[in-house]
Amino acid sequence: MVRVVLLPEGRVVELGRRRMRVDELLRELGLSVESAVVLRGDEPLFDWEVVGEDEEVRVMRAVSGG
Amino acid sequence: MARPRCAICGAPAVVYLRYARMALCREHFREHLLRRVEGVLTRAGLLRRGARIVAAVSGGKDSSTLLDLLAELSRSYGLQVYPLHIDLGIGEYSAHLRRAVERLVSRLGLPLILVEVRRVLRGDGVPEFARRAGRPTCSVCGMVKRYVMNAAAEALGADAIATGHNADDAIAYIVKAFIGQDEEQMAKWLPYTPPSGGAVARVRPLYEVYERYALLYAIVNRIPFTHEECPYRARNSMEDTIKEMFNRLEEQHPGLKIGFLRRFSKKRSAEGVPGPVNRCRICGAPSQGEVCSFCRLTERVYGEPLGPEMRRAVAEAVEKALGVSSGSGRGRASAPPQGSS
């Protein structure tokens, strides 16, 4: 299970798969890799990096604001 | 696959630019964005010692990234950069934005021109003003911001107002205007809009910076910004849908967005854009008609036109920030101290 915190709204989504690449994770959320940044802690991840089982990441959508 | 190395210096990379097929470290990512901003300012004739630029900073990722980059260019080229923040009085949202801007300018060592609309609008924030006027909040907000930005730029004798609009914003507005076949709106979305009839020039230095990279830049450089959404922001707007559509195209065809904007701006010029032709007879601001929208709407809502009062408040904010008398005319204010590195 990968736990995803969607920003800015703070909604939490749990994805059933054990491990997945960042670009796959974004696709599961219906987002393009060009429209969001995935963070592990404060560190942005590259598209090809793998998010592991029981890990929590934050997804910051670039399309947001005032 | 391991984390990549910077294509220029071999240091650990923080970003992979798909359109350039290149990974960059934090320093060279900064250099890359600085060159983009320099390009826009050069073509606008603004990359010169003493050029006066008002940087409109909301506290969001784009304008905060923009201010950080402009502050760097002010040190390299001798630009005079004046950060302007407008506190729109939208509850906690505005409070968070303001705190982020205050932290950023303090870090950059720049004086902040802070304009609080509540002080002029009889205690109202923009949402209350819009409600009383019976107008959409976003439309009133845009009108207030344009009025204050121009008043501040006039008080400073600035050469241009820089806004944080990025490549994705420009594409969204251009395509939306194209769908409506609104040529006038389309022509406004160029990197530079020259001064016209008293309206100070506009420059969009992030015109060739993708929204995602403005966000990444703010994150990797730990720039104070707020990622909250305005409570009045429309959900699933046409602009958002256009952005997502272009991001999917960009994913398949890296560089498509920059190519689109470059071809668009090459084929067009802002000369045909009709600007304001008059000065408001009440407050003296640039206006399409005899009385400007701000004076007209405030008179309807509060029983008196508040343009002159707002212009005084802006002039006072300039004085307070710079510690000088801005007077009432153009070009009175002196240069701000330009930051620490």
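**A tour of chains A and B**

Select chain A and look at its elements: strand β2 (residues 11-15) of chain A has the lowest mean pLDDT among them, 92, while strand β4 (residues 36-40) of chain A has the highest, 96. Here pLDDT is the predictor's confidence in each residue, from 0 to 100, and strands (E, at least two residues) and helices (H or I, at least four) are DSSP runs numbered from the N terminus.

This is a predicted model, in which local features need pLDDT of at least 70 and side-chain atom pairs count only at pLDDT 80 or more, whereas totals for chains, interfaces and linings use all residues. Residues are numbered from 1 along each chain as its sequence is written, and chains are lettered from A and ligands numbered from 1 in the order in which they are written.

**Stop 1: chain A as a whole**

Colour chain A by confidence: its mean pLDDT is 90, and 95% of its residues reach 70 or more. Where pLDDT is low, the predicted coordinates should not be read in detail.

Switch to a cartoon view, where chain A shows 1 helix and 7 strands. Along the sequence they follow the pattern β-β-β-α-β-β-β-β. The radius of gyration of chain A is 11 Å, close to the 11 Å that the globule rule gives for 66 residues, so chain A is as compact as a globular protein of that length. (The radius is taken over C-alpha atoms, and the rule is 2.2 Å times the number of residues to the power 0.38.) The C-alpha trace of chain A spans about 35 × 25 × 20 Å along its principal axes.

**Stop 2: chain B as a whole**

Now select chain B, which has 12 helices and 10 strands. Its radius of gyration is 20 Å, close to the 20 Å from the globule rule for 341 residues, so chain B is as compact as a globular protein of that length. Its C-alpha atoms fill a box of roughly 65 × 45 × 40 Å, taken along the principal axes.

**Stop 3: a sheet in chain B**

Next, pick out the open sheet of 6 strands in chain B, with the order β5-β4-β3-β6-β8-β7 and mixed pairing. Its edge strands are β5 (113-116) and β7 (192-193) of chain B, each pairing on one side only; two strands pair if DSSP finds at least two bridges between them.

Zoom in on β7(B): 2 bridges join β7(B) to strand β8 (residues 202-203) of chain B, and the two run antiparallel. Finish by showing B:Y192, which stands opposite B:V203 in β8(B).
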